Amino acid sequence: MSRVALVTGGTRGIGAAISMALKDAGYTVAANYAGNDEAAKEFSHVTGIRTFKWSVADYDACEEGIRQVEAELGPVEVLVNNAGITRDAPFHKMSRQQWKEVIDTNLSGLFNMTHPIWAGMRERKFGRIISISSINGQKGQFGQANYSAAKAGDLGFTKALAQEGARAGITVNAICPGYIATEMVMAVPEKVRESIIATIPVGRLGEPEDIARCVVFLASDQAGFITGATITANGGQYLT
Ligand code: CAA
């Protein structure tokens with residue numbers, strides 16, 4: 001029987017590429033999404049991947065959603081925490097709401113999704129938690145005090161949990177994508193985006209598949225000795 005992989009924000013952007021790559025690698029994939037029914041329906045129609053709707057910012061909804069996925073597909077053995085949002089603004093203009101929405105989704109979302117799945121992984125002595133952080137959690141970004149704080153927090157979460165999961169056969173890793181050609185990056189004003197691309201040594205935005213390939217590797221049995229790691233895929237834009 002194939003392993004079950006759950007990908008949050010798994011119907012669009014980087015998440016869609018991850019869902020498809022895991023399916024191609026033989027996993028039974030559940031793609032979670034929060035709001036865009038139209039995109040989810042189209043994604044499911046094209047790929048045949050099951051979609052499940054709830055917000056990762058809501059703990060109770062995560063518990064219920066995971067229960068439903070596991071009842072229909074089996075225990076989740078690979079969790080990809082990919083769902084993320086931006087609410088960019090210079091700090092002097094940033095509202096409490098913009099701060100809270102980003103922290104609730106991009107940081108607390110990792111707790112909300114991983115916590116209900118953790119006990120089962122410990123019992124089965126196998127698990128893969130892969131969280132999509134960001135270059136901007138590593139280097140900080142003008143206009144993203146909320147996002148950079150959350151994404152840096154994702155790395156701390158990963159390193160702490162890796163130590164707790166190690167003896168139970170659970171690896172916990174993070175990937176830091178640079179600027180990838182998705183709707184999120186295309187929403188950055190064109191002039192700003194052009195100036196960012198000029199700082200990427202490979203001279204272009206990344207592709208969602210660049211990140212999906214990293215996920216497939218970290219999910220595999222062959223990656224069992226890699227835990228607490230941060231894999232950087234940013235075209236050389238920021239060297240850690
Ligand atoms: N460094 C220094 N100054 C900067 C700057 C930077 N990187 N970017 C903008 N500024 C300055 C501008 O020059 C301008 O200065 P003046 O007022 O002196 O002209 C000022 O900041 C902008 O002020 P505004 O009041 O016009 O700002 P705004 O309300 O329009 O907001 C912004 C600007 C939202 C920060 C906008 O510049 C922006 O969207 N920046 C991009 C942020 C970004 O990279 N987001 C990443 C999104 S993709 C993603 O998050 C995925 C991932 O993981 C990589």
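View 1. The structure is a predicted model, in which local features need pLDDT of at least 70 and side-chain atom pairs count only at pLDDT 80 or more, while totals for chains, interfaces and linings use all residues. Residues are numbered from 1 along each chain as its sequence is written, and side-chain values use heavy atoms, with hydrogens and water left out. In the side chain of Tyr 179, an N or O atom is 2.8 Å from an oxygen atom of the ligand, whereas Asp 88 places a polar side-chain atom 2.8 Å from a nitrogen atom of the ligand.

**View 2. The shell of residues around the ligand.** Taken alone the ligand exposes 1,100 Å², of which the protein buries 57%; these accessible areas come from the Shrake-Rupley method with a 1.4 Å probe, and for residues only the protein chains shown count as cover. Helix 7 (183-186) and helix 8 (190-197) are the elements that give two or more residues to this shell, where helices (H or I, at least four residues) and strands (E, at least two) are DSSP runs numbered from the N terminus. Of the 19 residues around the ligand, the nearest are Asp 88, Lys 93, Ser 134, Tyr 147 and Tyr 179, and a residue is near a molecule or strand if one of its heavy atoms lies within 4 Å of it. The shell divides into ten nonpolar, seven polar and two charged residues; Ala, Val, Leu, Ile, Met, Phe, Trp, Tyr, Cys and Pro count as nonpolar, Asp, Glu, Lys and Arg as charged, and the others, Gly among them, as polar.

**View 3. Cys 176 and Cys 214.** A search of the whole structure finds zero disulfides, a disulfide being a pair of cysteine sulfur atoms within 2.5 Å. Cys 176 is in no disulfide, because its sulfur and that of Cys 214 are 11 Å apart, too far for a bond. Cys 176 is buried, with a relative accessible area of 0%, and Cys 214 also counts as buried, at 16%; buried means under 20% relative accessible area, exposed over 50%, and partly exposed in between (1.4 Å probe, protein chains only).

**View 4. The aromatic pair of Tyr 59 and Phe 111.** The structure holds one aromatic pair. The ring centres of Tyr 59 and Phe 111 are 5.9 Å apart and their planes stand at 35°, so the pair is tilted; rings of Phe, Tyr and Trp (its six-membered ring) pair if their centres lie within 6.5 Å, and planes under 30 degrees apart count as stacked, over 60 as edge-to-face and the rest as tilted. Distant parts of the chain are linked by this pair, since Tyr 59 is in helix 3 (residues 59-73) and Phe 111 in helix 4 (residues 96-124), 52 residues apart. Tyr 59 is partly exposed at 23%, and Phe 111 is partly exposed at 41%.

**View 5. Thr 47 in helix 2.** Thr 47 is found in helix 2 (residues 37-47) and is buried, with a relative accessible area of 12%. A polar atom of its side chain lies 2.7 Å from the backbone oxygen of Phe 43, and the side chain of Thr 47 also reaches the backbone nitrogen of Ile 49 at 3.1 Å.

Methods. A polar contact is a pair of N or O atoms within 3.5 Å; within protein, one must be able to donate a hydrogen and the other to accept it, and residues adjacent in sequence count only if both atoms are side-chain atoms.
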